[in-house]
Amino acid sequence: MTKAPATSKNGRRRHDREIIALAVPAFGALVAEPLFVMVDSAVVGHLSTPQLAGLGIAAALLMTAVSIFVFLAYATTAAVARRVGAGDLPAAIRQGMDGIWLALLLGAAVVALALPTAPWLVDVFGASDTATPYAITYLRISILGIPAMLVVLAATGVLRGLQDTRTPLYVAIGGFTANAALNVTLVYGAGLGIAGSAWGTVIAQVGMAAAYLVVVIRGARRHNASLRPDAAGIRASARAGVPLLIRTLSLRAVLMIATAVAARLGDVDIAAHQIILSLWSLTAFALDAIAIAGQAIIGRYLGANDEKGAREACRRMVEWGIGSGIVLGVLIVLARPLFIPLFTSDPSVKDTLLPALLVVAVSQPIAGVVFVLDGVLMGAGDGRYLAWAMLVTLAVFAPVALLVPSLGGGLTALWWAMTLMMAVRLITLWLRTRSGRWIVTGATR
């Protein structure tokens with residue numbers, strides 16, 4: 001990382017307060033998101049196994065779609081934060097509206113493509129004959145909520161850029177509560193079955209989008225910012241999002257390859273892999289919260305032409321990433337007797353799980369720095385480099401992971417390959433931050 005002058009004790013405390021103020025609510029909002037699927041699963045699970053299986057397939061497709069478009073939040077956060085740093089709040093909100101309009105356009109396109117192809121998408125996932133009709137029903141209804149889901153992503157980015165992560169937390173809590181109540185009411189009270197679960201989720205998502213829009217529109221009126229779609233601004237938002245889309249797709253490819261390799265290792269290995277992946281995803285939420293704080297803080301400093309502040313904030317967040325990674329690694333080791341029985345009672349799965357889990361624990365400090373530097377470069381609007389870095393990482397990881405079964409390696413070897421993947425990401429991101437080329441000041445990059 002680029003050398004920065006030593007940060008004073010007061011400076012560290014200031015950065016710590018900013019990080020905590022943004023990261024803690026962001027973590028709460030991130031955790032609330034997967035709870036939507038958990039509620040749906042809990043409610044539908046009491047109907048029948050085929051309906052739960054159908055929900056699982058449809059939910060996997062929907063979560064994939066949402067993860068692909070997460071750049072709407074990331075790119076919008078960086079762009080809005082820069083304008084906040086430059087002291088131009090009307091332009092910041094105008095930039096955010098461009099992201100929201102882009103989300104609506106993309107959402108409409110996804111609906112137009114996915115509705116007629118829903119049966120084919122379900123078939124590609126290999127659904128059983130009994131689960132297929134339920135999967136199609138849930139998917140077709142839930143697709144109608146995708147525009148709202150994408151608006152939520154973009155609007156979340158607007159508020160993060162405005163240095164507000166509390167409102168997204170409140171909206172997420174409200175959406176989760178509404179989703180739970182609607183699911184129970186429509187599935188059991190109205191007797192709609194899995195269709196009721198899908199409609200409950202769509203209504204909750206539309207409500208969340210509406211809540212965000214109210215907040216953003218009020219801010220626009222307060223600062224006399226236009227709400228009308230601007231073609232040039234929407235195109236600029238799309239251009240900023242393309243590199244982050246490539247980065248996200250490359251990361252998804254890594255996870256898909258890992259799961260495919262684990263499946264080739266056998267039923268015991270894939271079962272253990274899914275447990276580890278669930279835990280890995282949970283730790284990622286904690287680390288991603290710091291990354292989100294990094295996006296907002298770095299974007300603001302660069303927009304304010306404060307290169308020194310950006311360097312100091314980056315250094316302090318790296319220290320947070322290392323410390324958080326160490327804490328999470330220790331917690332994984334200490335808490336393994338408590339959480340492993342929650343997932344499985346099979347001795348063979350436990351035996352396969354334990355050594356691989358220790359690899360995950362050891363790699364957490366690396367992951368902590370990777371997530372932080374990822375957030376720093378996103379906040380700097382350095383999406384093109386992030387795309388290339390992730391493509392390089394995928395090129396290194398794929399052959400190593402695919403060799404694991406042929407070389408007689410097991411799940412532990414696969415997770416060492418995952419650790420290699422994180423190490424490559426660490427090297428590429430560290431080299432970039434050390435070069436200082438990510439530091440481009442001003443209201444726009």
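Partly exposed means a relative accessible area between the buried limit, under 20%, and the exposed limit, over 50%. The exercises below apply this to a predicted model.

**Exercise 1.** Find which residues form the positive surface patch, and which helix gives the most to it.

*Solution.* 
- Step 1: The members are K9, R12, R13, R14, R17 and K308.
- Step 2: Helix α1 spans residues 9-44 and supplies five residues, the most of any contributor.
- Step 3: Patch residues need over 30% relative accessible area.

**Exercise 2.** Find which residues make the nonpolar surface patch, then locate L192.

*Solution.* 
- Step 1: L144, L192, W199 and I203 make this patch, which covers about 350 Å².
- Step 2: L192 sits in the loop between α7 (166-189) and α8 (194-222).
- Step 3: With a relative accessible area of 43%, L192 is partly exposed.

**Exercise 3.** Describe the overall fold: how many helices and strands are there, and how compact is the protein?

*Solution.* 
- Step 1: Count 14 helices and zero strands.
- Step 2: The radius of gyration is 22 Å, close to the 22 Å from the globule rule for 445 residues, so the protein is as compact as a globular protein of that length.
- Step 3: The C-alpha trace spans about 60 × 50 × 35 Å along its principal axes.
- Step 4: Of the 445 residues, 53% count as buried.

Technical notes:
Residues are numbered from 1 along each chain as its sequence is written. This is a predicted model: local features need pLDDT of at least 70, side-chain atom pairs count only at pLDDT 80 or more; totals for chains, interfaces and linings use all residues. Side-chain values use heavy atoms; hydrogens and water are left out. Patches are made of residues with over 30% relative accessible area and no salt bridge: like charges are joined within 9 Å, nonpolar side chains (Val, Leu, Ile, Met, Phe, Trp, Tyr) within 5 Å. Accessible areas come from the Shrake-Rupley method with a 1.4 Å probe; for residues, only the protein chains shown count as cover. A salt bridge is a side-chain nitrogen of Lys or Arg within 4 Å of a carboxyl oxygen of Asp or Glu. Lys and Arg count as positive and Asp and Glu as negative; His and the chain ends are not counted. The place of a charge is taken as NZ of Lys, CZ of Arg, CG of Asp or CD of Glu. Helices (H or I, at least four residues) and strands (E, at least two) are DSSP runs, numbered from the N terminus. Buried means under 20% relative accessible area, exposed over 50%, partly exposed in between (1.4 Å probe, protein chains only). The radius of gyration is taken over C-alpha atoms; the globule rule is 2.2 Å times the number of residues to the power 0.38.
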